[in-house]
Amino acid sequence: QTLGLSPAAYYRRLRLQIARRMVVDTRLELQEIALRTGFNSLSAFSRLFHGHYRQSPGACRREARTVSA
């Protein structure tokens, strides 16, 4: 109640935060990141990632690599 999120939404947000760190900090394939963070499929992961961060996991990775280069 304090956070204004259901337990499921809070848990999903935590998983997305972990996934984003993995997208930015590792060279793991996006499918592997999706599986490691508990998403059933790459498409479900990509859809939720885009909904939360307003960019695809691939675009996030490209942007992070451009900034760090």
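Trainee: Which residues does Ile-33 touch, once residues up to four places away in sequence are set aside?
Mentor: In this predicted model, Ile-33 touches Ala-19, Met-22, Val-23, Thr-26, Leu-28, Phe-45 and Arg-61. A touch here is a contact, which means heavy atoms within 4.5 Å.

Trainee: What should I keep in mind about the numbering and the confidence limits?
Mentor: Residues are numbered from 1 along each chain as its sequence is written, and side-chain values use heavy atoms, with hydrogens and water left out. Because the model is predicted, local features need pLDDT of at least 70 and side-chain atom pairs count only at pLDDT 80 or more, while totals for chains, interfaces and linings use all residues.

Trainee: What makes a set of residues a nonpolar core?
Mentor: The members must be buried Ala, Val, Leu, Ile, Met, Phe, Trp, Tyr or Cys residues, joined through side-chain atoms within 4.5 Å. The largest such core has 10 residues: Leu-16, Ala-19, Met-22, Val-23, Ile-33, Ala-34, Phe-39, Phe-45, Phe-49 and Cys-60. As background, nonpolar side chains in soluble globular proteins tend to be buried together.

Trainee: Why are Phe-39 and Phe-45 called buried?
Mentor: Buried means under 20% relative accessible area, exposed means over 50%, and partly exposed is in between (1.4 Å probe, protein chains only). Phe-39 has 5%, so it counts as buried; Phe-45 has 0%, so it is buried too. Over the whole protein, buried residues make up 28% of the 69 residues.

Trainee: And what makes Phe-39 and Phe-45 a tilted pair?
Mentor: Rings of Phe, Tyr and Trp (its six-membered ring) pair if their centres lie within 6.5 Å; planes under 30 degrees apart are stacked, over 60 edge-to-face, and the rest tilted. By this rule there are three aromatic pairs. The ring centres of Phe-39 and Phe-45 are 5.4 Å apart, so they pair, and their planes stand at 50 degrees, so the pair is tilted. Phe-39, Phe-45, Phe-49 and Tyr-53 form one aromatic cluster.

Trainee: How do you know that Asp-25 and Arg-21 form a salt bridge?
Mentor: The rule asks for a side-chain nitrogen of Lys or Arg within 4 Å of a carboxyl oxygen of Asp or Glu. The closest N and O atoms of Asp-25 and Arg-21 are 2.9 Å apart, so the pair qualifies. Both residues lie in helix α1, four residues apart, about one turn of the helix. Asp-25 is exposed because its relative accessibility is 52%, whereas Arg-21, at 44%, is partly exposed.

Trainee: How many salt bridges does the rule give?
Mentor: The count comes to two. Glu-32 forms a salt bridge with Arg-36, with the closest N and O atoms 2.7 Å apart, and both lie in helix α2, again about one turn of the helix from each other. Glu-32 has 32% and is therefore partly exposed; Arg-36 has 53% and is therefore exposed.

Trainee: What counts as a helix here?
Mentor: Helices (H or I, at least four residues) and strands (E, at least two) are DSSP runs, numbered from the N terminus. The protein has four helices and zero strands, in the pattern α-α-α-α.

Trainee: Why is Tyr-10 called partly exposed?
Mentor: Tyr-10, found in helix α1, has 34% relative accessibility, so it falls in the partly exposed range. Together with Leu-3, Leu-5 and Leu-14, Tyr-10 forms a nonpolar surface patch with about 330 Å² of accessible area.

Trainee: Where does His-52 lie, and what does it touch beyond residues up to four places away in sequence?
Mentor: His-52 is in helix α3 and touches Arg-13 and Leu-16. The C-alpha atoms of His-52 and Leu-16 are 8.0 Å apart, although 36 residues separate the two along the chain. At 37% relative accessibility, His-52 is partly exposed.

Trainee: What sets the phi of Arg-54 apart?
Mentor: Most residues other than glycine have a negative phi. Arg-54 is not a glycine, yet has a positive phi of about 60 degrees. Arg-54 sits in the loop between α3 and α4 (57-68) and, with a relative accessible area of 65%, is exposed.

Definitions and conventions: Patches are made of residues with over 30% relative accessible area and no salt bridge: like charges are joined within 9 Å, nonpolar side chains (Val, Leu, Ile, Met, Phe, Trp, Tyr) within 5 Å. Accessible areas come from the Shrake-Rupley method with a 1.4 Å probe; for residues, only the protein chains shown count as cover.
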